[in-house]
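My notes follow in the order in which I took them.

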Amino acid sequence: MSTMNRRNFLKFTTAAAAATPFLAGKSAFAADEKHIVVIGGGVGGATFAKYMRLYAPEVKVTVIERKKEYQRPYGSSEIIVGNVDMNDITISYDALQKKHGVNFVFDTVTGVDFDKREVSTENGTKITYDRLVVAPGISFDYSGIAGMDTEAAQQAIVHGWDAGDQLLTLQKQLEAVPVDGTVVVVPPPNPYRCPPGPYERAGLITQWLINRGDKNAKVIILDPKNGFTTDVTMLQAWNRLYGFNLPKAFEKNYKPEQVATFTKHETPGKIQWVMAEEGGRVVKVDVAAKTVEAEAGVFKADMINIIPPLKAGKIALDLGLADKSGWCPVDQKTFESTLHPLVHVIGDACIAGEMPKSGYSANSQAKVVALQIKALLAGQPTIEPVLQNTCYALAGQSDYGMFVADVFRLKDGKLKRADQPRYLPFNASTAQYRLSAVYLHAWMDSFTQDIFS
Amino acid sequence: MNKTITGALAVALGFVVMVPAAIANPEQTANGAQSPAAVMAAQTCGGCHGTMGQVKDNAFMPLAGMPTSQFVLAMKSFANGSRPSTLMGPLAASFSDAEIQAMAEYFAAIPKFQHEANK
Ligand SMILES: Cc1cc2nc3c(=O)[nH]c(=O)nc-3n(C[C@H](O)[C@H](O)[C@H](O)COP(=O)(O)OP(=O)(O)OC[C@H]3O[C@@H](n4cnc5c(N)ncnc54)[C@H](O)[C@@H]3O)c2cc1C
C-alpha cells in the first residue's frame, strides 16, 4: 500500500470507527490477538510501543501514560539557560496513535494484579495484558540529605531532573542570581539518569553567567563521587574555557604528560569541582540561609540545584518490581523482571549491567524487548541482544561538545560494554569538539523522530 | 467507574484512536523480510539515523537505501581510522564483520525516505 493510499485508508477507518465504534473495534482486533500493555509513555515506553507495532503489526499495544504530552528530559537543561523553551521540549503522542496504531489511555497506573494479568488505574479502569512493559522512569530520594526532607524545602530547592515546571523555577532562580553571585550544583551518587548531565548543566550555567557579563561569578559542584562519565574530556574543556583548575586527587586519571598540558590558573576558576575525596559530599542544607554543608565546609550560595539520589519510578517500587537497591532487576537478554514473570522493565528503572541510565539506552532496550516479545509470542527462541548508548554533552559553550558512546553485549549473563574508546581522544581537534556539538543538537531532533514520529 | 477492558473492548469504548492492528506500511513490510539478527544489529543505529535509517532533514546520514558496498566501506574505514569521525570510529570497531554486513543488507532493503516536496 502506498503512503498516499495508507493515508486515505487511515482517514476512512478513523471516520468509520467514529461512526460505528463497536463494529470497527471488532473488525480491528480479533479475539486471539495478543495485547501488550505499557506503563509510561516516555523514551522507553514510547519507543517500545512504536517498534512493537513496526516489528509485529498484528500485536495490539496500549500505553497508559499520566500526561497528555511528553516533556523530554534529554536536553532539558538548555531551558534553564534560555537556549530553548518549553515548546521545544514538548512532544505530542499523535503520530504514535494515528500513524502507528498505538492505543493510549491517559491515566495513572495505581496497581497490577500479576495473577490476573490486569493493570488498574486511578480512574478505575482495568486493562488485561499478555505481557506488560514497565517504563516509569525515576523517583527522588531526599531521605539522606538533612534539611531537604520537607515539601517546602523541595519546592525551594528543586532538581529539575524530570522536565516539567521545575525547569522554569531553575530558570527564574538563575536570573535572580546577583551579579558575581554563586551557584551550587549537587550531582547525585551513582547510579542515576544521564551521567554527564549534572556537569553539563553546571557548565551551561557558568557560560550563562559569563554571557551576562559577570566577571567573578562562581559555579561550585559539590560531588559525592570522584569521577563521572566524560570527566576527562569535560575537565579539560573547563580548564580551557573557564579557568578551571584540575583537583590534585584527579590527576591520576590522566597521563603525566597530559596533566602537564593543563593551564594552572592563578585566580580560582569560574567553575569549581569539589570531588568526594576533597570533601564534596553534602551532609546538610539550610534552605532559609541558602547554605550547603559539605564535608569540605559550608558553602553559601545565591542559587542551589540539588539532584538527590534516584530510584526507579514510584509505581515500579509500589509494584514490588525493585530490589533493595531501589532499581528493578531484569533478565539481561529479555529485560523480563526476575521478580515477576511476563513483566518487562526497561529504561531508567531497570538494572541493565553496564548500561547507563540514559535516553539512548532506554530507546535501545525498548527495541530489543520488542524483538524478544515478538519472538516469545511466536514461540520462537529469543535473540542474542546488541545494544547501544550515545550521550552527548556540552562543556557549557554551545559549540564545544563531547560524548560517551558504547556498544553492549551479553557476557556471562550481564550486559557489558565493548572494549573500545568511549570518549573523544585527549586533545581532539577543534573540529571534533565543534562537530560533537553539531551532532548533539541534531540528535535532539533525530532521536525524538525515532521515538515519537 | 470500574471496568475490565481488553484491547478490543478498549477500542470499542473509544478510549483510543481507532487504527486497525495490521496496517501494511513499507517499513513493516521491509522488516518482515529481514533476519532477526540483522534487525537486532540495525536497531542500534536508529537513535541517531532515524527509524529504519530514514532520518529526515538532519545532520546525520540517512542509512535507508544506502548501497551495501557503501555502508560496509564507510563502517570499515571508520573502524580502522582511515575515515575521520567523532564517535563512529569506536562504534564501528565494536561490530563484527558479519554484523556490519547484516546491517548493510538491512538498510539497503529499506526504501529511502522521500521528502514530501519530492513526491
Ligand atoms: C538534564 C537531562 C539531560 C539529559 N540528556 C540526555 C542525553 O543527552 N542523552 C540521553 O540519552 N539521555 C539524556 N537524558 C536522560 C533521559 O531523558 C532519560 O534517561 C530517559 O527519559 C529515560 O526514559 P524512561 O522511559 O525510563 O523514563 P521517562 O522518559 O521519564 O518516562 C517515564 C514516563 O512514565 C510516566 N509514568 C510514570 N509513572 C506512571 C504511572 N504510574 N502511570 C502512568 N504513567 C506513568 C511518566 O509520566 C513518563 O512519561 C537526560 C536527562 C536529563 C534530566
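Entry 1. I started at Asn427(A), which counts as partly exposed because its relative accessible area is 43%, between the 20% and 50% cut-offs. The model is a predicted one. Asn427(A) sits in the loop that runs from strand E24 (414-417) to helix H14 (430-452) of chain A. I noted its phi, which is positive at about 55 degrees although the residue is not a glycine.

Entry 2. I then looked at Met52(B), which also is not a glycine and has a positive phi of about 55 degrees. Is Met52(B) buried or exposed? Met52(B) counts as buried, because its relative accessibility is 3%. I found Met52(B) in the loop between helix H4 (46-49) and helix H5 (68-80) of chain B.

Entry 3. Next I checked a peptide bond. Asn190(A) and Pro191(A) are joined by a cis peptide bond with omega at about -10 degrees. I place Pro191(A) in the loop between strand E11 (182-186) and helix H9 (197-212) of chain A.

Entry 4. I turned to the domains. The assignment for chain A gives domain 1 as 3-139 + 311-383 and domain 2 as 142-305. Their centres, taken over C-alpha atoms, are 35 Å apart. Domain 1 of chain A puts 19 residues into the contact and domain 2 of chain A puts in 18 residues. I noted a buried area of about 1,600 Å² between the two domains, with 66% of it from carbon and sulfur atoms.

Entry 5. I looked for polar links across this interface. I have five residue pairs in polar contact between domain 1 and domain 2 of chain A, both residues at pLDDT 80 or more. On the domain 1 side, helix H4 (77-80) and helix H5 (86-89) of chain A each supply at least two residues. H4(A) gives the largest share of that side, four residues. By class, that side of domain 1 of chain A has nine nonpolar, six polar and four charged residues.

Entry 6. How many salt bridges cross between domain 1 and domain 2 of chain A? I have one. Asp348(A) pairs with Arg193(A), with 2.5 Å between the closest N and O atoms. Arg193(A) also meets Asp162(A) in a salt bridge, 2.8 Å from N to O. Asp162(A) is in the loop between helix H7 (151-156) and helix H8 (166-175) of chain A and Arg193(A) in the loop between E11 and H9, so this pair ties together parts 31 residues apart in sequence. I record Asp162(A), Arg193(A) and Asp348(A) as linked in a network of salt bridges. Arg193(A) is buried, with a relative accessible area of 12%, whereas Asp162(A) is partly exposed at 27%.

Entry 7. Another joins Asp214(A) and Arg212(A) at 2.8 Å, N to O. Asp214(A) is buried at 5% relative accessible area, and Arg212(A) is partly exposed at 31%.

Entry 8. I ended at Ser337(A), in the loop between strand E19 (328-329) and strand E20 (343-345) of chain A. Ser337(A) counts as buried because its relative accessibility is 6%. Its side chain reaches the backbone nitrogen of Leu339(A) at 2.9 Å and that of His340(A) at 3.0 Å.

Notes. Residues numbered from 1 in each chain as written. Chains lettered and ligands numbered in written order. Predicted model: local features only at pLDDT ≥ 70, side-chain atom pairs only at ≥ 80, totals over all residues. Heavy atoms only, no water. Domains from an automatic or database assignment. Contact = heavy atoms within 4.5 Å. Buried area = accessible area lost by both parts, 1.4 Å probe. Salt bridge = Lys/Arg side-chain N within 4 Å of Asp/Glu carboxyl O. Polar contact = N/O pair within 3.5 Å; in protein donor to acceptor, adjacent residues only side chain to side chain. Nonpolar A, V, L, I, M, F, W, Y, C, P; charged D, E, K, R; others polar. Buried < 20%, exposed > 50% of the residue type's maximum accessible area, 1.4 Å probe, protein only.
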